[in-house]
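Student: I'd like to take a close look at one part of this protein, the nonpolar core, and at what surrounds it. Please walk me through it slowly.

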Amino acid sequence: MGIAMREAKMLEVSDTVQSYTTVLENHVSSKTQMLQNAMFIGIDCFHDIVNRRKSVAGFVSSINQELTQWFSQCIFQELGQELVNGLKTCLEAALKLWCKHNQFLLQAIIVYRDGVGNAQLQALMDHEVPQIESSLKSVYPKDSGYINCKVQIV
């Protein structure tokens with residue numbers, strides 16, 4: 001995918017906000033690398049194989065740089081359908097909220113996509129990435145610089 005990553009440093013924390021905050025404050029340094037002006041997105045699908053009901057795609061995205069506010073939406077799909085048809089609608093709503101909460105354009109969109117095997121990867125790229133590109137074109141004017149936004153699917 002073209003993402004260079006070093007081995008992560010593992011830190012133990014208690015399950016409290018204060019514990020997370022304290023550990024992060026104690027370990028951040030000038031060498032700490034965090035993406036700036038980045039939207040993080042998670043997508044996964046649930047398939048109800050027991051009751052044979054429709055599948056549900058879940059979409060969640062950050063809408064502020066501090067990663068403290070989030071937008072989420074579910075999309076009902078045909079049974080067993082893994083590729084998301086309504087991704088454009090979800091992302092457009094998330095991008096509009098990003099614009100409302102921030103005074104700057106996105107530099108990157110990082111998509112964490114679960115539930116897709118290697119055999120489906122090209123189909124995902126052909127089906128979902130164009131929806132992401134279309135959403136950017138729809139929300140941002142041509143001269144806004146959205147074209148410089150990088151999309152990474154992990």
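How many residues does the largest nonpolar core have, and which of them have the most contacts inside it?

Tutor: Happy to. A word on the source: this is a predicted model, in which local features need pLDDT of at least 70 and side-chain atom pairs count only at pLDDT 80 or more, while totals for chains, interfaces and linings use all residues. Residues are numbered from 1 along each chain as its sequence is written, and side-chain values use heavy atoms, with hydrogens and water left out.

Now the core itself. The largest nonpolar core has 27 residues, and those with the most contacts inside it are Met39, Ile41, Phe59, Leu95 and Ile109. A nonpolar core here is a set of buried Ala, Val, Leu, Ile, Met, Phe, Trp, Tyr and Cys residues joined through side-chain atoms within 4.5 Å. Buried means under 20% relative accessible area, exposed means over 50%, and partly exposed lies in between (1.4 Å probe, protein chains only). As background, nonpolar side chains tend to be buried together in soluble globular proteins.

Where do these residues come from? Two or more core residues are given by each of strand 1 (38-46), strand 2 (55-62), strand 3 (70-77), helix 2 (87-101), strand 4 (108-113) and helix 4 (129-139). Helix 2 gives the most, with 6 residues. Helices (H or I, at least four residues) and strands (E, at least two) are DSSP runs, numbered from the N terminus. The protein has 4 helices and 5 strands, and along the sequence they follow the pattern α-β-β-β-α-β-α-α-β. Of the 154 residues in the protein, 34% are buried.

Let's zoom in on Ile41. Not counting residues up to four places away in sequence, Ile41 touches Phe59, Val60, Ser61, Leu91, Ile109, Ile110, Val111 and Tyr112. Contact means heavy atoms within 4.5 Å. Across the whole protein, among contacts between residues at least 6 apart in sequence, 65% join residues at least 24 apart.

Helix 2 and helix 4 pack at an angle of about 40°, with their axes 9 Å apart. That makes helix 2 oblique to helix 4. The axes are lines fitted to C-alpha atoms, for helices over the stretch in contact, and the angles run from 0 to 180 degrees between N-to-C directions. Angles under 35 degrees count as roughly parallel, over 145 as roughly antiparallel, 65 to 115 as roughly perpendicular, and the rest as oblique.

In this contact, helix 2 brings Leu87, Lys88, Leu91, Glu92, Leu95, Lys96 and Cys99, which meet Gln131, Ile132, Ser134, Ser135, Leu136, Ser138 and Val139 in helix 4. Those contact residues divide into 7 nonpolar, 4 polar and 3 charged. Here Ala, Val, Leu, Ile, Met, Phe, Trp, Tyr, Cys and Pro count as nonpolar, Asp, Glu, Lys and Arg as charged, and the others, Gly among them, as polar.

Val139 lies in helix 4 and, at 17% relative accessibility, counts as buried. Leaving aside neighbours within four places in sequence, Val139 is in contact with Glu92, Leu95, Lys96 and Cys99. The C-alpha atoms of Val139 and Leu91, 48 residues apart along the chain, are separated by 9.5 Å.

Some loop residues are worth a look too. Ile63 lies in the loop between strand 2 and strand 3, yet Ile63 is buried, with a relative accessible area of 5%. Apart from residues up to four places away in sequence, Ile63 touches Gln69, Trp70, Phe71, Ala94, Leu97, Trp98, His101 and Asn102. Leu67 is also placed in the loop between strand 2 and strand 3, but Leu67 is partly exposed, at 31%. Phi of Leu67 is near 60°, a positive value in a residue other than glycine. Arg52, in the loop between strand 1 and strand 2, is exposed, with a relative accessible area of 58%. The C-alpha atoms of Arg52 and Leu79, 27 residues apart along the chain, are separated by 6.9 Å.
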